[in-house]
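This briefing goes through one protein chain, topic by topic. Have the sequence and the 3D view open while reading.

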Amino acid sequence: MSDSSVSLVNSSIFTLKGFPGLEQYYPWISLPFSSIYAMVFLGNCMVLHVIRTEPSLHQPMFYFLAFLALTDLSMGLSTVHTVLGTLWGISQEISLDGCIAQAYFVHGLSCTESGVLLTMAYDRFTAICNPLRYTSILTNHRVIGLLVGILMRSAFSILPVIIRLKWFQYCCPHMLSHSFCLHQDLLRLACSDIRFNSFYALALVIFTLLLDSLLILVSYVFILCTVLAVASQEERLKSLQTCVSHICAVLVFYIPIIGLTMVHRFGKHLSPLVHVLMGNIYILFPPLMNPIIYSVKTQQIRSRLKKWFSLKV
């Protein structure tokens, strides 16, 4: 590739589609999206604040929850400027470098969230199946090691495909399907050989998201076997209650990913609005719902919030 070609590719500008055909309604559509982003930021900051200020929550389960809230907060921060920028009419354009950076954070944070949900499943497995050794297994040192491992996996595993996006030629109209950047969306516009990116991305999904989900499922099979072996029905319910919020968080995360993948793979005949809707659910639904789920379903956080708001009143 010549120097002039490289310069041309590096200066490429892409257009964010937003909601095609609904441009005249953007001021109204921006209202619920602005509210959702505000709830994402406030909800996850509230969870982080409660865990930081409440000494009784300084234990492995809530360290993982704090990391989940931080991941969700980062997901909101990585997409808010393009989503709301498009809806508010500020700008529908993004540079290639900016698009690649956003795709890196969106996919990296998804991988991080999957890893955090897996460690939370391991936490519940240890607490229920091996309660007497819980504190000796999940020490602070081991928790830090698990979280650092998750970050390293997310940060480095997607670099090979993200870096290659920089050197592709984009000879199609530079119109993205969403109001934010995704790896598969850039591949769709590329005129270069994308086979490595396609195969590597598929392998990455199999060995991260799919493997994580299978390990979570296996952990809950063991948890269920252990709980069913308990004689008292009250003890069974008590043990399962500690898992409800995590199960909800797993469903909230994986169902949108499966839906978006199916739409991208098999929904080419569907309306562009379906693609846009699934994309926005993918990036916004987990960060929005996780603080609500854990605030409602986790007794320690719920009681701390009640105490906090009663003092404010």
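The structure holds eight aromatic pairs. The model is predicted, and the mean pLDDT of its chain is 89, with 95% of the residues at 70 or more. Over residues 1-10, however, the pLDDT is below 50, and this stretch has 13 contacts in the model beyond near neighbours in sequence.

**Aromatic pairs**

- A pair of aromatic rings is described by how far apart the centres are and by the angle of the planes.
- The ring centres of F14 and Y170 are 5.3 Å apart and the planes stand at 85°; the angle is over 60 degrees, so this pair is edge-to-face.
- This pair links distant parts of the chain, since F14 is in strand β1 and Y170 is in the loop between α7 (159-165) and β3, 156 residues apart.
- Both F14 and Y170 are buried.
- Together with F168, the residues F14 and Y170 form one aromatic cluster.
- For Y37 and F41, the ring centres are 6.1 Å apart and the planes are at 35°, so this pair is tilted.
- Y37 and F41 both belong to helix α2 (residues 26-53), where four residues, about one turn of the helix, separate them.
- Is Y37 buried or exposed? Its relative accessibility is 1%, so Y37 counts as buried.
- F41 has a relative accessible area of 21%, which means that F41 is partly exposed.

**The sheet and a helix across it**

- Strands of a sheet pair through backbone hydrogen bonds, and the pairing is either parallel or antiparallel.
- In this model, three strands in the order β2-β1-β3 form an open sheet with mixed pairing.
- Which strands are at the edge? They are β2 (93-95) and β3 (175-176), each of which pairs on one side only.
- Strand β1 (residues 13-16) pairs with β2 in the antiparallel sense, over three bridges.
- In this part of the sheet, I13 stands opposite S95 in β2.
- Helix α4 (residues 96-129) lies across β1, β2 and β3, and runs at about 85° to β2.

**Nonpolar cores**

- In soluble globular proteins, nonpolar side chains tend to be buried together.
- The largest nonpolar core here has 60 residues, and those with the most contacts inside it are F33, L65, L87, L117, M120 and I283.
- Helix α3 (residues 60-87) gives the largest share of this core, 13 residues.
- Leaving aside neighbours within four places in sequence, L87 is in contact with F19, Y26, P27, I29, S30 and F33.
- Another core lies apart from the largest one and has 20 residues, among them L16, V161, L176 and A190.

- S179 is found in the loop between β3 and α8 (183-189).
- The relative accessible area of S179 is 3%, under the 20% limit, so S179 is buried.
- Which residues are in contact with S179, leaving aside neighbours within four places in sequence? They are L16, G18, T82, V83, T86 and N280.
- In sequence, S179 and N280 are 101 residues apart, while in space their C-alpha atoms are 8.4 Å apart.

Note on methods. Residues are numbered from 1 along each chain as its sequence is written. This is a predicted model: local features need pLDDT of at least 70, side-chain atom pairs count only at pLDDT 80 or more; totals for chains, interfaces and linings use all residues. Side-chain values use heavy atoms; hydrogens and water are left out. pLDDT is the predictor's confidence in each residue, from 0 to 100. Contact means heavy atoms within 4.5 Å. Two strands pair if DSSP finds at least two bridges between them. Helices (H or I, at least four residues) and strands (E, at least two) are DSSP runs, numbered from the N terminus. Axes are lines fitted to C-alpha atoms, for helices over the stretch in contact, and angles run from 0 to 180 degrees between N-to-C directions. Rings of Phe, Tyr and Trp (its six-membered ring) pair if their centres lie within 6.5 Å; planes under 30 degrees apart count as stacked, over 60 as edge-to-face and the rest as tilted. Buried means under 20% relative accessible area, exposed over 50%, partly exposed in between (1.4 Å probe, protein chains only). A nonpolar core is a set of buried Ala, Val, Leu, Ile, Met, Phe, Trp, Tyr and Cys residues joined through side-chain atoms within 4.5 Å.
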